[in-house]
Amino acid sequence: MSAPRYLSTRGHAPAVSLGEAIAAGLAPDGGLYVPERLPRVNPSAFDPDDDLAATATTLLTPFFDDGVLAESLPAICAEAFAFEAPLRPLARADASLLELFHGPTAAFKDFGARFLAACLRRLRTTDAPPLTILVATSGDTGAAVGAAFHRQPGVRVAILYPDGRVSPRQAQQLGSFGDNVHALRVAGSFDDCQRMVKAALNNAALQRAVPLSSANSISLGRLLPQMSYYAHASLGWWRRHGTPLDFVIPTGNLGNALACVWARGMGLPIGDVRLACNANSTLPEFFAGAAYRPRDAIATLANAMDVGAPSNFERLRWTFDGDDDALRRALRATSVDDAAIRATLLRHARDHGEVVCPHTATALAVLDQTPRRDGHAWAVVATAHPAKFELVLEPLLGHLVPVPPALATMLDRPSRAAPMPADDTAFGRWLRALR
């Protein structure tokens, strides 16, 4: 069987191996790397006694017929999936909460960031020049990447985040690493940060001077492992109940939701997939039938989802062969404004003792609007620990939200972030001067 190859969504770049796609981050034509085709798997191929890391190994093996990465895949998965993603029942009888926030930075991004770091460490040769990892973050990605790559030899990290548009605890995390991890507070939006990263990755002269890669969800090394927790949760549900598991997913840049769509496309027992968006309505408008129209992001309580031009929409369209009608039939997206987020947070905490982050609240709000159907069960994806958003939750709930130990340790460190204008040229100069 020939090794799988990876193509650009824009079709103007040569096919590459998985290792090459992960190392590059972005295709040379500006597109995103995708597999030539999604492999199919049979749910019966997974051992019922597997933990999350073993499920990930079985799921990802067809993607990793690629030298050193294929040989190391079990060890890579063991490093990345060293903590569980439990499915806990909600008060609503047909619903559960998939908790993805038990990693070192208390957000779902920990899984993909650790997986990418493990891959790049194995791809690196001893004589290679330092690699600079670029990451635009609307709150959680940057801290996960910083933690995954902190003090990794031969790697530097540049984290770009929108100044004043992340929570104080998120900002504290982003600047708390030091050493080889640099935080930049950008005078703009997340979309500005994302544009600056893409411009740098597409700048051939800059790449020759400063070898660059990405750790955003544009990187396959972050996207592919995110399928694993959807596979693990849905397989466990299917074995216990004999039915697929439906998901409601808080959605910003679309990487996490796309991972669920890909897992379903591979043959996992996943049913309906609903996208819960905040007041940034690019996706809900498209799925309601309007033309796709990216625009500037607006600030909301669910700040990590403040994205007006989601990068992974390009991959989502590729997944459905560019057929927007088929895409609209396969998914549904709903907007949840700040007033509904507050009401959902308060109602679920008061009535059921369910304390969640503002992003997870968007998914709970969508669930609350969804009627029950025989044979259907929902998993609401909890993307971050509520303690990261104390300024939203604590005044609303009237009590403190306990901080998990790993997050408390990070919050005790000194934190520093350098100012950066929302300007591609200025960021390029900063990268050239990085030592």
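Contact here means heavy atoms within 4.5 Å, and the views below all come from a predicted model.

View 1. R274 has its place in strand β10, which covers residues 270-277. Not counting residues up to four places away in sequence, R274 touches F247, V248, I249, R332, V366, T370, R373 and W378. Although R274 is buried, this residue has no salt bridge, and the nearest side chain of opposite charge, that of D272, is 4.2 Å away. The reason D272 does not qualify is the cut-off, because a salt bridge requires a side-chain nitrogen of Lys or Arg within 4 Å of a carboxyl oxygen of Asp or Glu.

**View 2. Helix α3 and its bend at L73.** Helix α3 comprises 14 residues, 67-80, and from its first C-alpha to its last it reaches 19 Å, which is close to the 20 Å expected at 1.5 Å a residue. At L73 the helix α3 bends by about 65 degrees, and a proline, P74, follows within four residues.

**View 3. The buried residues of α3 and what covers them.** L69, S72, L73, I76, C77 and A80 are the buried residues of α3, so L73 is both one of these buried residues and the site of the bend of about 65 degrees, under the cut-off of 20% relative accessible area for a buried residue. The cover over the buried residues of α3 includes α1 (18-24), α2 (52-60) and α4 (109-123).

**View 4. Aromatic pairs around F286.** By the ring-pairing rule, the count comes to twelve aromatic pairs. Among them are F286 and F287, whose ring centres lie 5.1 Å apart with planes at 80 degrees, so that this pair is edge-to-face. F286 is buried, with a relative accessible area of 0%, and F287 is likewise buried, with a relative accessible area of 11%. The rings of F286 and F313 have their centres 5.0 Å apart and their planes at 85 degrees, and this pair is therefore edge-to-face. Because F286 lies in helix α11 (residues 282-287) and F313 in helix α12 (residues 313-319), the pair ties together parts that are 27 residues apart in sequence. F313 also counts as buried, at 2% relative accessibility.

**View 5. An aromatic cluster that includes F247.** One aromatic cluster is formed by F81, F83, F111, Y229, Y230 and F247. F247 of this cluster is also one of the residues that R274 touches, which links this close-up to that of View 1.

Conventions: Residues numbered from 1 in each chain as written. Predicted model: local features only at pLDDT ≥ 70, side-chain atom pairs only at ≥ 80, totals over all residues. Heavy atoms only, no water. Helix = DSSP H or I, 4+ residues; strand = E, 2+ residues; numbered from the N terminus. Expected span 1.5 Å × (residues − 1). Bend = angle between axes of the 7 residues up to and from the residue. Buried < 20%, exposed > 50% of the residue type's maximum accessible area, 1.4 Å probe, protein only. Lys, Arg positive; Asp, Glu negative; His and termini not counted. Phe/Tyr/Trp six-rings, centres within 6.5 Å; stacked < 30°, edge-to-face > 60°.
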